Amino acid sequence: MSENLLQVSGAPHVHNGESTKRIMWTVVIALLPAFMVSIFYFGLPAIILTAISVGSCVLFEYLIQKFVLKTKPTISDGSAVVTGILLAFNVPSNLSWWLVILGAFVAIGIAKMAFGGLGNNLFNPALVARVFLLISFPVQMTTWPEAKPIWNFGFADVVTGPTPLGILKEGVKNGGTVSQLMGSESMPDYLQMLVGQMGGSFGEVSAIAILIGAIFLLCRKVITWHIPVSFLLTAFVFAGILWLVDPTQYATPWFHLLSGGMMLGACFMATDMVTSPMSARGMLIFGFGCGVLTIIIRLFGAYPEGVSFSILIMNALVPLINKAFKPTPYSKQ
Amino acid sequence: MAGKESSLWKMCLVLTVISIAAAAGLAAVYEVTKKPIEESQNRKRAEAINKVLPGFAGTTETVKVMPPTGKDSVTLNMAYADGQLFGAAVETYTDKGFGGAFTLMVGFDSEGKILGTEVLSASETPGLGDKINADKSDFSKQFAGKNPAEFQLKVKKDGGDVDAITAATISSRAYCDAVDRAYQSFMKAKEESHE
Amino acid sequence: MSKLQILTKGIIKENPSLILVLGMCPTLGVTTSAINGLGMGVATTFVLLLSNIMISLVKGVIPDKVRIPSFIVIIATFVSIVDLLVQGFVPALAESLGLFIPLIVVNCIVLGRAEAFASKNGIFDSMLDGLGMGLGFTLSLFIIGACRELLGSGAIFGHKFIAGDGILIFVLAPGAFFVLGFVMALVRHLQNRKK
């Protein structure tokens, strides 16, 4: 998600030979491992939803650019494809198709085009759509199908189960201790959480697959290390301190890293260049804010998961961060 | 701007006159609306009592009881028919709602069996917690006919007998809390009246 | 400015909530349904009309230094009158608008029109101005309320078009901002096209 290349920052304008198009397709490739894991655990619905989401995002982008804004459609740059994939990755695999189309409309129509299109959007379009759906359709958006390897997946009986974060939040509220809840039957162990065998939005479950994609992006220099590392490290340290204070109430820091949308958020959503700060110091602050807010919402908020909210809140602060930490001009380096 | 001269006595005089005129106007309107406001509040209360005590025709007597749990007293409308205790319509509350405190009216028969529940005022989330209202879902109807002595006033997730509203466990729990407070208060009031 | 212009300028050209962006608290807070928007609009129009007339009447005798306190007392009186009347005669509306009716007193439109128009113009013009501004405010609140009700609960004036819930976010606070933003954009777009 590197639309930032279209934003004009201070001179001199160095051309690095990359195009938005190339970056977008690199991101798509980086998302493939996570997609494979979702197909493995959630089966055909994961493929169908992703196809619907990508298709409707591209279609809405085309229609709005052609008929509302009356500009030349730029769908071939792939930014709508990336938004579509990320939106799909952030919903449960049993979500109704029309909700996905509504989400695509919100992402492209409200979060992106209403702000002026590619490069001008203040908030990450896929996350805006996800939060829009979560608040509007809380029942559908929090009914998670259980992750089952593809060979014992039956289409007739999709069993729904809670997410690890959901189990924890509910359990602690009812007076359970973390160690009891960790031992409960529906709670996956750390290995399962690492590979992705847990309930959740279908693209976020596998930490390992997302990390592979993120390392690929780092090697291709599409993202820098600043945001993911400061996001994850802050969340780890903050959750760790609370865990040391009271291990019966607060889960381990590695649990927080592996559960929910932490990995997907830190590696693919927070790093969106349009909606994240420009300078390295700004990125570190951005990641720090995301990490702190995520843990605060997870542990003390009404929702069990806070990654989407925290990234959106920090998105809103990006103009301020950019103002405070301007990228250093070349002449001063 | 008119009235350029802002001498002290003139400012005092103008403000005093305006305030007196305002007070007089308000007093007049208050007199006119006093009765309708009272009537509409009484009507609302009578309707709520009627809803939670179906088939009751008799007199009510208001008592206030401090419930075993909770910070505030609960108002009980003890209902008498032919000199016998018919039951009570209890104005109960909870502060555990998702949108803050809310108040309910709960009707009991003389044995403590729930006859009906009705939301008096609540600010629960539209589409989720507001399903506690009888016109939004059947959640509140499951209480009628149950006696809390054997019907656990807790949602099933917490080991009770109440079916919670999907995705609104907090509101469901708060509802149970309010109904339970009503029951405890009614039992306490009954005990006190026997002494 | 002709009399007709004074009346109509508040409806589109200087619409209080869509162009002047005044009175955002009720615009965002109460517009969860068409009827709430309409009720709030009418109540505000009533206050605007009466306070404009009254302030225009007494503008000659109020000293400059105490004009704002005097205006506030006059406005607060009319707001309290509206509050009592609504509670007494339209209890259903009083319940859904709740605290927002007393809050009309701090609505910038009312004091704004008093200071900017009524304190400088004659009674008849001030009346037209108050009425026009009130109508513009009512219109925008009604449009926003109708959009939010339609999208958020699939209904208009309480008549359901679709079973079940709508897109809940539109009856919650964020939806108010979405709809307000889009209605504003639409009005600006239409205005630009006219030029």
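**Labels and their cut-offs**

Guide: In chain A, residues 24 or more positions apart account for 73% of the contacts with a separation of 6 or more. Contact means heavy atoms within 4.5 Å. This is a predicted model, where local features need pLDDT of at least 70, side-chain atom pairs count only at pLDDT 80 or more, and totals for chains, interfaces and linings use all residues. Residues are numbered from 1 along each chain as its sequence is written, chains are lettered from A and ligands numbered from 1 in the order in which they are written, and side-chain values use heavy atoms, without hydrogens and water.

Visitor: Why is A:Leu217 called buried?

Guide: Buried means under 20% relative accessible area, exposed over 50%, partly exposed in between (1.4 Å probe, protein chains only). A:Leu217 has a relative accessible area of 1%, so it is buried. This residue lies in helix α10 (residues 207-219) of chain A. Leaving aside neighbours within four places in sequence, its contacts include A:Thr26, A:Val27, A:Ala30 and A:Phe268. A:Leu217 and A:Ala30 are 187 residues apart in sequence, yet 6.5 Å apart in space, C-alpha to C-alpha.

Visitor: How do you know whether A:Lys70 is buried or exposed?

Guide: Its relative accessibility is 67%, so A:Lys70 counts as exposed. A:Lys70 sits in the loop between α2 and α3 of chain A. Its phi is positive, about 55 degrees, although it is not a glycine.

Visitor: And why is C:Val21 given the label it has?

Guide: C:Val21 has 39% relative accessibility, so it counts as partly exposed. The residue lies in the loop between α1 (3-8) and α2 (24-29) of chain C.

Visitor: What makes a group of residues a nonpolar core?

Guide: The members are buried Ala, Val, Leu, Ile, Met, Phe, Trp, Tyr and Cys residues, joined through side-chain atoms within 4.5 Å. The largest core here has 114 residues, and A:Leu133 and A:Phe268 touch the most other members. Its largest share, twelve residues, comes from helix α1 (residues 20-42) of chain A. A second, separate core has 35 residues, including B:Ile37 and C:Val82.

Visitor: Why are α1(A) and α3(A) called roughly parallel?

Guide: Axes are lines fitted to C-alpha atoms, for helices over the stretch in contact, and angles run from 0 to 180 degrees between N-to-C directions. Under 35 degrees counts as roughly parallel, over 145 as roughly antiparallel, 65 to 115 as roughly perpendicular and the rest as oblique. The axes of α1(A) and helix α3 (residues 79-89) of chain A come within 9 Å and cross at roughly 20 degrees. That makes α1(A) roughly parallel to α3(A). Residues meeting there include A:Leu31 in α1(A) and A:Ile85 in α3(A).

Notes:
Helices (H or I, at least four residues) and strands (E, at least two) are DSSP runs, numbered from the N terminus.
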